[in-house]
Amino acid sequence: MGPGDLALLTPEAREALERADVVVGYRPYLELLGDLAPPERREGSGMKREVERCRRALELHRQGRRVAVVSSGDAGIYGMAGLLIELDPTAEVQVIPGITACQAAAARLGAPLMNDFAVLSLSDLLTPREEVLRRVEAVAAADLVTCLYNPSSRRRRPLFEQALAAFLRHRGPGTRVAWVRNVYRQGEESWIGTLGELPEQEIDMWTLVLIGSKNTELLGGSLVTRRGYREKYLEPAESVSSGAAAAAEADAEADAEADAEAGTAPNDRLYVLGGTGFARHLTEELETAGWWVRLSVASELGAREVETPPGGGVHVGGLDAEGLARELERWRPLALVDATHPYAEKASATAAEAAGRAGLRVLRAARRPWRPPSGADGSERVRFYPNTESLIRALLEEGHVPFLTVGTKLLPDFIGRGLDPAARVLASPESVAAALGAGIPPERLLAAYPPFDPEFTAACVERYGCDVLVSKESGTEGGLDEKLTAAELANARLAVLTRPPEPAVVYREAGDLIEELERLKKQPNEETR
Ligand SMILES: C[S@@+](CC[C@H](N)C(=O)[O-])C[C@H]1O[C@@H](n2cnc3c(N)ncnc32)[C@H](O)[C@@H]1O
């Protein structure tokens with residue numbers, strides 16, 4: 001029946017109601033339908049009587065009556081359609097689409113659903129509370145605009161608060177949010193504000209809550225999620241308002257907003273790029289030293305490892321130079337810290353390009369290079385190779401079988417060369433697909449999730465009949481000590497692919513980086529790199 005106003009009832013739904021012998025539904029909704037559900041054709045019931053209502057409708061249907069079952073919004077979205085079919089899959093059920101609450105609310109607010117969005121119900125009546133929170137966490141991390149149905153009731157207020165805490169952890173307190181109560185019904189009210197203000201709001205079960213993404217903005221009183229038109233087709237001034245003065249004003253407003261959102265001055269803010277343990281450790285150290293940090297990780301897997309998100313939140317998802325420049329322009333940090341993996345050359349190049357566009361400094365931070373412990377028979381066991389080609393030649397000459405723990409990008413190099421490699425990749429659908437796509441046979445592919453203890457890795461090497469464990473030079477933090485122990489346990493060699501060339505200045509320790517940042521803060525315009 002749509003959200004309530006009969007103007008939003010679709011002609012098809014109207015016709016079905018007119019043709020029905022009986023209209024079954026929640027009593028207040030039948031009242032909203034007025035003459036379309038006159039008392040003599042009505043079968044109303046109270047709240048939480050869905051099963052009873054559907055059974056009654058099916059019973060009437062079996063008696064040969066034409067029955068219309070009414071849900072608010074769309075019957076197939078937290079409505080009665082699914083339950084009817086579940087109760088009797090043989091019954092003749094026709095589902096008629098309706099305008100769901102989030103569409104109606106979004107239209108009232110502006111255009112907040114212009115890009116990908118998620119719909120969640122916070123009701124734990126049919127879905128266990130832990131499951132609800134798991135979904136909230138995943139959606140919050142994915143930076144999708146989110147519509148919360150059944151957001152809160154007196155009994156469920158704590159769940160709403162826990163959900164907000166999850167959104168706050170992943171998105172800044174300045175994130176645009178809104179609620180609409182009784183949209184297209186009597187007593188309609190709405191509010192637009194920020195995520196930081198939302199916990200103070202009164203939210204009930206007649207309300208639809210909308211949480212914006214990083215691209216949701218308030219433009220001329222309307223809530224809009226930018227879809228990227230501005231960057232692709234419009235002049236910056238054109239998409240905000242016309243005239244240079246207005247654009248400058250909007251810019252100043254956005255700056256002030258970012259400052260208020262972050263609760264800091266730009267000189268205290270840092271943007272850290274990288275999903276590695278090293279990047280997370282660095283972020284913690286920077287925060288301890290009093291810096292406000294926003295962390296950007298390329299994948300969901302990287303995001304999963306972030307136990308305590310930094311004050312500026314976590315951006316999840318790969319960014320090209322344009323996307324990263326936009327993030328930097330939004331948060332206006334003092335500098336960009338490139339703490340991506342030593343082998344992520346493309347990510348470092350993107351960081352440099354984006355920082356250039358945003359007029360910012362890039363400081364490169366990377367783990368210390370790894371050296372085998374002296375004294376142990378480590379150096380005998382370990383060989384370093386500058387590239388895959390030299391390693392493959394050595395493996396072929398000496399007739400070795402490699403166990404590859406090098407990520408997925410290098411795997412194709414090892415295929416079709418007369419080696420019989422086995423590989424261990426990260427347990428993600430993308431990694432498994434990439435490894436199979438590279439030509440690693442399924443019977444020689446292992447997908448697992450770290451941490452990997454040496455015994456496990458040694459067992460893997462032995463299981464596949466390998467005698468060389470191959471790794472990138474990912475430092476002690478990247479697990480090379482464990483790999484050396486694993487090689488010893490499996491009586492195998494450890495072959496290490498050395499890192500691509502690094503820039504002249506690389507910060508290995510948080511302390512050194514902090515020192516340089518403090519210096520930069522005092523003289524922000526001085527070139528030090
Ligand atoms: C059980 S769901 C039903 C959803 C419905 N089938 C639909 O498609 O809109 C009930 C929740 O939908 C939202 N809702 C439904 N109608 C609404 C309205 N007119 N105004 C605001 N929220 C509404 C509220 O969040 C409410 O708690």
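**View 1. An open sheet of 6 strands in the predicted model.** In this predicted model, 6 strands are arranged as an open sheet with parallel pairing, and their order across the sheet is E17-E22-E21-E18-E19-E20. The edges are taken by strand E17 (382-385) and strand E20 (445-448), each of which has a single partner strand, so one side of each is left without a neighbour in the sheet.

**View 2. The pairing of strands E19 and E20.** Strands of a sheet pair through backbone hydrogen bonds, in either a parallel or an antiparallel manner. Strand E19 (residues 422-426) is paired with E20 in the parallel sense, and the pairing extends over 4 bridges.

**View 3. The crossing of helices H13 and H14.** Helix H13 (residues 321-331) and helix H14 (residues 345-358) have axes that come within 8 Å and cross at roughly 45 degrees; the two helices are therefore oblique to each other. The crossing in which H13 passes H14 is right-handed.

**View 4. The residues in contact between H13 and H14.** On the side of H13, the contact is made by Ala321, Glu322, Leu324, Ala325, Leu328 and Glu329, while H14 contributes Thr350, Ala351, Glu353, Ala354, Ala355, Arg357 and Ala358. Sorted by class, this contact of H13 with H14 comprises 8 nonpolar, 1 polar and 4 charged residues.

Key. Residues numbered from 1 in each chain as written. Predicted model: local features only at pLDDT ≥ 70, side-chain atom pairs only at ≥ 80, totals over all residues. Heavy atoms only, no water. Axes fitted to C-alpha atoms, helices over the stretch in contact; angles between N-to-C directions. Parallel < 35°, antiparallel > 145°, perpendicular 65-115°, else oblique. Left-handed = near helix turned anticlockwise from the far one by under 90°. Contact = heavy atoms within 4.5 Å. Nonpolar A, V, L, I, M, F, W, Y, C, P; charged D, E, K, R; others polar. Pairing = 2+ DSSP bridges.
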